[in-house]
Structure formats: C-alpha cells, structure tokens
Amino acid sequence: VELLHNPAVLFLDEPTSGLDSFTAESVVVTLRGLAKTGRTVVATIHQPSSDILQMFGRLIFMCKGSVVYHGKPSRLVRYFARLGYQCPKYTNPADYVMKLLRTEGVGKEARLVSDDSERRAQLFIKKWKTFEQKHQELTQPTNGAGSTDAATREVPHYSASWMVQFGQLFIRAARCMLREPMLTEIRVAQTVVLALFVGLVFLQTNMDSPGGVAMIEGAIFFTLVNMCMMPLMGIVLSFPLEKAIVMREKQNGMYKVSAYYVAKSVVELPHQVLSPILYSLMFYWMVGLSVNAGKFWIFLAILTEHSLVSQALGMLVSSFVDSVGVGMAVAPISMLPFLIFGGFFTNSGAIRPWIAWFKWCSFFYYSFSALMVNQFAGVEFPNCTEEKQPCFKSGNQLLATLDFQGTSIWGWALVLVAFWLAFKVLALIVLLYRSRNKTRKPTRLLPGGKKGKPGAKPGAGAVPPGVPVGTVMVPMVPPVYPCPPPMAVCGTTKTTMGYW
C-alpha cells in the first residue's frame, strides 16, 4: 500500500530484521530495483552481511549523533584504513566499523568502556568533518545534477488512478475478510440461533385466534428491530478502529477515502445480505406467514433493504465518532427516533400533528408498513364474530386501524433504497470532511531563501549535510515506540543507514 501512490522518497526501518540471509538479500535486491526506477530509498539496516552492504549506493555510519562516514560501500574499508584501523581479512566491514564505533554500554558493560573508545569516537567525528570539507564529492551523487531528477521531482498527490486504488483496496479488504472466517461463522450462528428462537416463540401462529394477529404484528416488528441492531452494532464496534488506520494512510497520501469506502462497501455487501436471507428462510415458514411464494420474496427483499439501511446508519454514526465506546452510546440514541415512529408503538392518527410528520423520516415506518401490507392485504378472518371482540374481520380493516391503508409496497421499497443511498453518501461526506487538509504535503528544498538554505539553523528549513539542493523532504511522524537496538536511528546510538 505504501508504494501505491508511487512515492519519490521511501523510508524503511530495518527491513531485513528477523529474516534469514537469503530472504534479507532478496528484500534488498527488491529495494535496489525500486531505486533504479527513479525513487530515493533510505533504510536503516541491522547487521548486514558483506554482500548486502555492497548493494547499497551510499552508506552513512553515525556515532554520538554525528556522521563518521558517508559514501560508497567500496570506499569504507579504505577510509578507515587511512585512519589507522585496517579491517581484518575475512571480516565483515560493517561489523568491524560498528565495533570501532562502540563507546557506551549498559550496566556493568558501561564501566568496561575505556577512555580510548571515547577518544576514538571523537577522532572519527573530527576526521570526517575535515575529510568532508576537502572531499565534498563523496557526499554528492556520482552522476552530478542529472542524478537528482528522481529526488527533485514533485511527489504527485495520487500517482495511482482511482480505479487502481479501488482495485487494490478491494483485494486487501477481501483478503482481510477471508482471513477471519470465524467472524463469518459467528454471524451465521447468531442469525440461525435468533431465527430459531423467534420462530419457536411464534411457531405456526393462528391468525384466526383472538391474539394471533397481534402476535404476527409483534413478530414482524421484532424481526425488524433485530435486523437493525445486528448490522448497526456490528459496524459501530469495528469501523471506528479501522477508521484510524484509514485516516493515517490517507494522511500519508496513499489513496482516496472514496476509493476505500466504495471498496469496503462492495466487499461487505454479501455479508450484509446473508443474514436477512438466512433469517427469512427460517422465520417466515416457522411463524406461518402467508404461504405464497411471491409474498415470501417481497418479505425477503424488504427485510434485506432494511438491514442494508441499518448498516448504512451504523456507518454514518461511526464516521462521526473516534472510539467504540462513544459509538456504543450514540448508536442506540440515533436509532430511537426511527424506532418510535415505526408504526408499532405509535399511530400517526393519534399523536400530535406537530410531530406526526416524523414518521415519513423513519425507515422503520416504511419497512414495517410494507411487511404488514404484504402479510394482511386482502386477508379475511371468518372466525371473527361479535363474541370474540375485539377482533378484525379482514386484514384491510387492521391496516386502516394502523394507518397503513395507503401503503405501496414497491413505492416504499424504493424509499428504502433512497434511505440506504442517503446514509451511505452522508457517511462518505463526513469521512471526506474529517480527512480534508490532513494530507502532509512534501516540502521542496530550494537553493537560498528561507526554506532550504544550506547552513541554516535547525528548524529554519536547513538542508541536511550531503542532501542535494532541490531534494523533496517528506515530513515524518515522530516514533512513539521505544528505541530499537543500537543499529537503529534513535538518539545518539550507533547507526548504519544505507540508501540509493
């Protein structure tokens, strides 16, 4: 992903650590190939073999925060030999030089460090400064100004097209999902268990009985609540954590938030559809709803749309919050208004007119009214007599009581699609707004002037020694982890750093 936006400068911290010699050499060969394509690759290297050491275009050895060598690997042994320190035959030059640069230790080891080591370190620092002044060519690219083209070129905002970003992010999201089969199994098990439980509670409910209609009505609404809570809470529990990574990668200019968002939505779509399908296959026939294939497919379609809208609502809530705890607190509150005006707890004809209009903003209302019309429209209850009052003689009478008589199933289905698109677009807008103006822009070091002036004090845009004028400097985030072993760039410890 780091290479997706074709960076001009690539920084790596010990890319070969923990690898065997063959794999480590393969990694360095790959990095060298990247450098030959026009990139600047800078890497700290831990215990490099002599073969790996020779692959670098330039080496930097540091001691006590100062450079003691900066040049080609082939000149390393000759330079220290001139200072009176000849590398023994069959000895790795990197190991030998690091041993010479060792001036400090820990615990008892610190007391064993002689004053000679300290004087040797100061000698190396002084000699290099003198040598650098006389031989500036060692710190400059061998090909002159022409070799700095890769370093001086502007870093494009996004070198990869939107479709390339989408494709790579789609593959990454799919692989992440395939690597967690347990999550899919848990979702399937949760859906099956809940469908079995609800199906057994409302098993083969007789609508001709006095309380049968009310039980069917309750079963349908409970199903909608369940199909809302599972996707809503699922996304609230996971997306805030993932969003932090996305924002950081967006900040580094790797890809657009829109490409990530669309890729994630497409990859997760099959999972979002799977739960309502499994639930409908079990719940519909266990409860004993209308034995009609057409009505079953309508039930399945409306329930699937309802689940997708709920997941989109969860995405919208998660785009506002940065932690799971806050999301858990906000999600139920955001769902509550839609739930109250869903048509089960309130009747729009019986509540105050100034608030009754909110039912048109509740996706629960459209789902519930569509499923109720699908189940009860045109149904007669011949067993309803005066002795069994209160009861309904027909499904149309029930729908009129609930104020659902003007419901259009397909019209409401289109409204649910509109809700889904609206929540999805709003979530994307929020993510784009929160990520705007956060991408760190590269700073070009210019000859002279306030920025990039050679010899300027630190913090005033100084060009580091040995860095060609015009080099693109990409801001780096300070590390928040403890200092690595002595060969890493950290404080004043000894450092081996190579670059091409």
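Two strands are said to pair if DSSP finds at least two bridges between them, and helices (H or I, at least four residues) and strands (E, at least two) are themselves DSSP runs, numbered from the N terminus. The structure is a predicted model, in which local features need pLDDT of at least 70 and side-chain atom pairs count only at pLDDT 80 or more, while totals for chains, interfaces and linings use all residues. Residues are numbered from 1 along each chain as its sequence is written, and side-chain values use heavy atoms, with hydrogens and water left out.

**Confidence**

- The mean pLDDT of the chain (pLDDT being the predictor's confidence in each residue, from 0 to 100) is 77, and 76% of the residues reach 70 or more.
- Over residues 141-156 the pLDDT is below 50, and this stretch has 31 contacts in the model beyond near neighbours in sequence, where contact means heavy atoms within 4.5 Å.
- Residues 439-495 also have a pLDDT under 50, and for them the model has 115 contacts beyond four places in sequence.
- Where pLDDT is low, the predicted coordinates should not be read in detail.

**Strands and their connections**

- Strand E1 (residues 9-13) and strand E2 (residues 40-44) run parallel and are joined by five bridges, and Leu 10 has Val 41 in E2 as its bridge partner.
- Between E1 and E2 the chain passes through helix H1 (residues 21-36), and this β-α-β crossover is right-handed, a term used if, with the strands pointing away from the viewer, the path from the first strand over the helix to the second runs clockwise.
- Strand E3 (residues 58-63) is mostly covered, since six of its six residues are buried (buried means under 20% relative accessible area, exposed over 50%, and partly exposed in between, with a 1.4 Å probe and protein chains only).
- Arg 58, Ile 60 and Met 62 point one way from E3, whereas Leu 59, Phe 61 and Cys 63 point the other way.
- E3 is joined by five bridges to strand E4 (residues 66-71), and these two strands run antiparallel.

**Two residues with positive phi**

- Lys 64 lies in the loop between E3 and E4, a hairpin with two residues between the strands, and takes a positive phi near 55 degrees; Lys 64 is partly exposed, with a relative accessible area of 30%.
- Tyr 90, although it is not a glycine, has a positive phi of about 65 degrees, is placed in the loop between helix H3 (76-82) and helix H4 (93-100), and is exposed at a relative accessible area of 78%.

**Aromatic pairs and a buried asparagine**

- The structure holds 41 aromatic pairs, where rings of Phe, Tyr and Trp (its six-membered ring) pair if their centres lie within 6.5 Å, and planes under 30 degrees apart count as stacked, over 60 as edge-to-face and the rest as tilted.
- The rings of Phe 283 and Phe 299 are stacked, because their centres are 6.0 Å apart and their planes are at 15 degrees.
- Phe 283 lies in helix H11 (residues 257-287) and Phe 299 in helix H12 (residues 293-320), so this pair ties together parts that are 16 residues apart in sequence.
- Tyr 284 and Phe 296 form an edge-to-face pair, because their ring centres are 5.2 Å apart and their planes are at 75 degrees.
- Asn 226, found in helix H10 (residues 212-251), counts as buried at 8% relative accessibility and touches Leu 194, Pro 231 and Tyr 279, not counting residues up to four places away in sequence.
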